[in-house]
Amino acid sequence: MAQYPASLVLMSLATSLGAVAEIGAVLVVYTHAGRLAGFGVHEGLLISGLATTAFGCANMLMGSVESLGQHIRTGTLDAMLVRPVSPLVQMATDRFAPRRLGRILPAAAVTAYALAAADVDWTPGRVLALPVLLVSGTAIACAIWVIGACLQFFLPDAREAAHSVTYGGQALVEYPLSVYSRGVVRAATFAVPLAFVSWQPALYLLDRPDPAGLPDALRLATPVVAVLLCALATATWRFGLRRYRSTGS
């Protein structure tokens, strides 16, 4: 990639346009609706920016793991297993694409703008919590990516099903969860904890009660959820490796 810097720049710009288009779609909705489930445009951009930033970072760090099924079919996973490096690390760095950084930068810029424009009471606790929430949201998205990829240990063609949770999950949490039904909110909070990527952190930063009536303590649970979900992702990955049988067996 360093041999072709112009190509890298163009690919990064193309990736940036994708992130800009997603956030632009959110902006269009707020432009026409004015307020969405009680949230204004700056608050909506904060929610969208947090979601896009976290999933963009997760895509750069763990996006290559979704090719697990291809490694299983071609037998290249066997070669990774005999190397003195974790196969998960090898797979995450396989065909690492710096162009994915082009997705993170506009999302981070929108998040910074929304934090400055929204009515955030910057107490010392919120200032200290902001980087923790950003890192925790990224960790949650990474864990969801790994867990979704592990489906391919058992169903090699389950890549699209995993996409429904990763890319589909990002699309879900780019908007206030209160626009969805109570069942969707509870599923995104307790079943697949996507709410802790952007929704609950935004409620904490904005000092807003949960419109769904869930406990306020959940707004502070993002780091705990990140640790638990990463532990679950690790256990799922190890379980998949134990059940894995070589392509030639």
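Start by selecting helix 8 (159-172) together with helix 9 (residues 182-191): helix 8 is among the elements that cover the buried residues of helix 9. Helices here are DSSP runs of H or I, at least four residues long, numbered from the N terminus. You are looking at a predicted model, where local features need pLDDT of at least 70 and side-chain atom pairs count only at pLDDT 80 or more, while totals for chains, interfaces and linings use all residues. Residues are numbered from 1 along each chain as its sequence is written, and side-chain values use heavy atoms, leaving out hydrogens and water.

Stay on helix 9 and colour V185, A188 and T189, which are buried (under 20% relative accessible area; exposed is over 50%, partly exposed in between, with a 1.4 Å probe and protein chains only). Why do they lie on the same side of helix 9? Because they cover an arc of only 95° around the axis, taken from the directions from the helix axis to the C-beta atoms. Now turn to the face pointing away from that buried side: G183, F190 and A191 are exposed there.

Next, select L77, I140, F153 and W237. These have the most contacts inside the largest nonpolar core, which has 66 residues. Such a core is a set of buried Ala, Val, Leu, Ile, Met, Phe, Trp, Tyr and Cys residues joined through side-chain atoms within 4.5 Å. Helix 7 (residues 124-150) gives the most to this core, 12 residues.

Zoom in on L77. Leaving aside residues up to four places away in sequence, L77 touches L68, H71, I72, M91, F153 and Y244, a contact being heavy atoms within 4.5 Å.

Finally, visit V9 in helix 1 (residues 5-33). V9 is partly exposed, with a relative accessible area of 48%.

Methods:
Helix = DSSP H or I, 4+ residues; strand = E, 2+ residues; numbered from the N terminus.
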